[in-house]
Amino acid sequence: METSDSGEPVRSRVGSEVPVEETASLVERGRLNCGVRGLAHGIVICGLVALAARFLSDHYGVPAMLMALLLGMTIRPVASESRRAAPGIDFASKRILRIGVALLGARISFEVFNELGWGVVVLVVCALIATLFFGYFGARALGRGWRLAILTSGAVAICGASAAMAISAILPRNEFSERNLGFTVFGVTLLSTVAMVVYPIITQSLGMDPLASGVFLGGTIHDVAQVVGAGFSISDSVGETATTVKLIRVSMLAPFVLILTLVLRMLRIQQHSDANKPPLIPGFVAVFVVLAICNSFGLIPGWLQALFWDIARWAMLAAIAAVGLKTDLKRILDIPPQSVVLIVGETMFIAVFVILGLQLVL
């Protein structure tokens, strides 16, 4: 479209006149439509991977999170050829992830703190803190970075893959961020699956009663689904106790992310300029806390809680699928053995810590 020096519209090749303002509006609208289509393209791919992972999980019993990650990494070479998918995949790995984590708050009720007694709560909190210190000093001894230490120890101590993704959302990024996140999700999910089978045997060999068994399983296994599977494989009472303890650990996610955000700001470990600094309280953490408070006062009806939980599960599945689509499988295989030793060591540490702690609180 040509215009005169004075900005007046001139006739186009077909003889019509289009004002300059309308032309600019059309250009902006075209950019918006292209942006929306770009997001939709990548989000649809992540959604299809999540659907496939859920199907495999429902029919073959494999962890959905693990399958979403592996399927994403498998089709990455094909998806990466389409540049249109990149914005949507990036959106799913960040924004949709935070939506899923925020909605987890609807499952948290502060009543769980009273159900088992404050001794168990103190044990869970101490296990979290001790595992973080173990991870930090273990990483230094093994020559690994502090980002990986926080990511793996937080995932082990709190709630597995969900915690790993939430922590990754606020950690300063470097060239290893995607690889470390993919490795952590893969590692904690695989270790949770092994623990789901092995830990019930440990509780029986140690002669634990139902209460102690539930606290041990809920206080040590990383992911919620595996906690439920391990607990109810022993008995209903053990399963209920294990799930309650696990919810206590999940409730630690928001305070941990908030404290970590404050520490990073105080230490000036930021990638942002003063104008682009993230908020003091991340939005998804604030929503998590608000939902937890509302649920504690009975303000969230059961049907809405179930809806939020379904949305959260699908959002996190789509997000972990996006992580897989952004992660080169070769880079995962190139993970140094020290990182494997670190996450296995953290898993063993929290198990031993809780077993010893049970002698004091029960």
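Mentor: Let's start with the lining of the largest cavity: R147, L148, L151, S168, L171, P172, R173, N174, F176, S177, N180 and L181. Keep in mind that this is a predicted model.
Trainee: Which helices each supply at least two residues of that lining?
Mentor: Those are α6 (146-157) and α8 (177-205).
Trainee: And how do the lining residues divide into nonpolar, polar and charged?
Mentor: Six nonpolar, four polar and two charged for the largest cavity. The space inside comes to about 90 Å³.
Trainee: How many cavities of 30 Å³ or more are there?
Mentor: Three cavities make that count.
Trainee: What lines the second largest cavity?
Mentor: V120, L123, V124, A127, L128, A157, V215, G219, R249, I350 and V354. Two or more of those residues come from each of α5 (118-142), α9 (210-220) and α16 (337-361), and α5 gives the most, with five residues. The lining of this second cavity has nine nonpolar residues, one polar and one charged.
Trainee: OK, switching to charges. How many salt bridges does a search of the whole structure find?
Mentor: Five salt bridges turn up. One of them joins K326 and D90, with the closest N and O atoms 3.0 Å apart. K326 sits in helix α14 and D90 in helix α3 (residues 85-103), so this pair ties together parts that are 236 residues apart in sequence.
Trainee: What about D310 and R313?
Mentor: Their side chains meet in a salt bridge at 3.1 Å, N to O. D310 and R313 are three residues apart in helix α14, so about one helical turn separates them.
Trainee: Last topic, the surface. Which residues make the nonpolar patch?
Mentor: F110, V289, I293, F297 and L299, making a patch of about 500 Å². F297 is in the loop between α13 (283-296) and α14 (302-326), and F297 is exposed, with a relative accessible area of 65%.

Definitions and conventions:
Residues are numbered from 1 along each chain as its sequence is written. This is a predicted model: local features need pLDDT of at least 70, side-chain atom pairs count only at pLDDT 80 or more; totals for chains, interfaces and linings use all residues. Side-chain values use heavy atoms; hydrogens and water are left out. On a 1 Å grid over the protein atoms alone, a cavity is a set of points where a 1.4 Å probe fits but cannot get out, and a pocket is an open set with protein on both sides within 12 Å along at least five of seven lines; lining residues have an atom within 4 Å of a point. Grid points are joined across faces, edges and corners, and a volume is the space filled by probe spheres set on the points. Helices (H or I, at least four residues) and strands (E, at least two) are DSSP runs, numbered from the N terminus. Ala, Val, Leu, Ile, Met, Phe, Trp, Tyr, Cys and Pro count as nonpolar, Asp, Glu, Lys and Arg as charged, and the others, Gly among them, as polar. Patches are made of residues with over 30% relative accessible area and no salt bridge: like charges are joined within 9 Å, nonpolar side chains (Val, Leu, Ile, Met, Phe, Trp, Tyr) within 5 Å. Accessible areas come from the Shrake-Rupley method with a 1.4 Å probe; for residues, only the protein chains shown count as cover. A salt bridge is a side-chain nitrogen of Lys or Arg within 4 Å of a carboxyl oxygen of Asp or Glu. Buried means under 20% relative accessible area, exposed over 50%, partly exposed in between (1.4 Å probe, protein chains only).
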